[in-house]
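Student: Hi! Could you walk me through this model with me? I'd like to start with the surface and then go on to the aromatic rings.

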Amino acid sequence: MDLVHLLREVTLRLDLAGARFAGRNGLHPTDLRALISLLDAARAGDESTPGRLGGRLGLNSAGTTALIDRLERLGLVRRVRDTRDRRRVLLEVDDRALALGQSFFGPLIDRTLALLATFEAGEQAAVRRFLSGVRDAVREEGA
């Protein structure tokens, strides 16, 4: 159980860091989750549409539109027409959002990567397997 409690503490501290970032930048916590979701999708090579974003965040259509409008007004996200289907709107994270996130989370990411570099390949694989398993367990719970 000590690992479960440690994971819970890490989750809490990361959530608090996200709340500080959101507060300093005039964002709602859902705005931050949206940006993370969009960045994760882009890194995976997946296109993001308003419908997909709303589905990932558990928002209805009106809530998703309000969220995207807020992020667009802040210059963090932009709507672009799909070049293959002009009727479809895609969402892109603006470079400003990347710079903003890097300025706040960059030092934490650097410290995390430095710590991970001290682990041998087998240890890194065990950490990856554990975190992937926890992620999958949470998915199964529908959380």
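Tutor: Happy to! Keep in mind that this is a predicted model.

Student: Which residues form the nonpolar patch?

Tutor: The patch is made up of L3, L6, V10, L14, V127, F130 and L131, and together they have about 600 Å² of accessible area.

Student: And which helix gives the most to it?

Tutor: That would be α1, with 4 residues.

Student: Let me pick L14. Where does L14 lie, then?

Tutor: L14 is in helix α1. Its relative accessibility is 48%, so L14 counts as partly exposed.

Student: OK, on to the rings. How many aromatic pairs does the structure hold?

Tutor: There are 3 aromatic pairs. One of them is F21 with F104, a tilted pair at 5.3 Å centre to centre and 55° between the planes. F21 belongs to helix α1 and F104 to helix α5 (residues 95-117), so this pair ties together parts 83 residues apart in sequence.

Student: Is F21 buried or exposed? And what about F104?

Tutor: F21 is buried, at 4% relative accessible area, while F104 is partly exposed at 21%.

Student: What does F21 form with F105?

Tutor: Another tilted aromatic pair, with 5.1 Å centre to centre and 45° between the planes. Here F21 in helix α1 meets F105 in helix α5, so parts 84 residues apart in sequence are tied together. Both F21 and F105 are buried.

Student: Which residues do the ring pairs link into a cluster?

Tutor: The cluster consists of F21, F104 and F105.

Methods:
Residues numbered from 1 in each chain as written. Predicted model: local features only at pLDDT ≥ 70, side-chain atom pairs only at ≥ 80, totals over all residues. Heavy atoms only, no water. Patch = residues over 30% accessible without salt bridge, like charges linked within 9 Å, V, L, I, M, F, W, Y side chains within 5 Å. Areas by Shrake-Rupley, 256 points an atom, 1.4 Å probe, with all protein chains shown as cover. Salt bridge = Lys/Arg side-chain N within 4 Å of Asp/Glu carboxyl O. Helix = DSSP H or I, 4+ residues; strand = E, 2+ residues; numbered from the N terminus. Buried < 20%, exposed > 50% of the residue type's maximum accessible area, 1.4 Å probe, protein only. Phe/Tyr/Trp six-rings, centres within 6.5 Å; stacked < 30°, edge-to-face > 60°.
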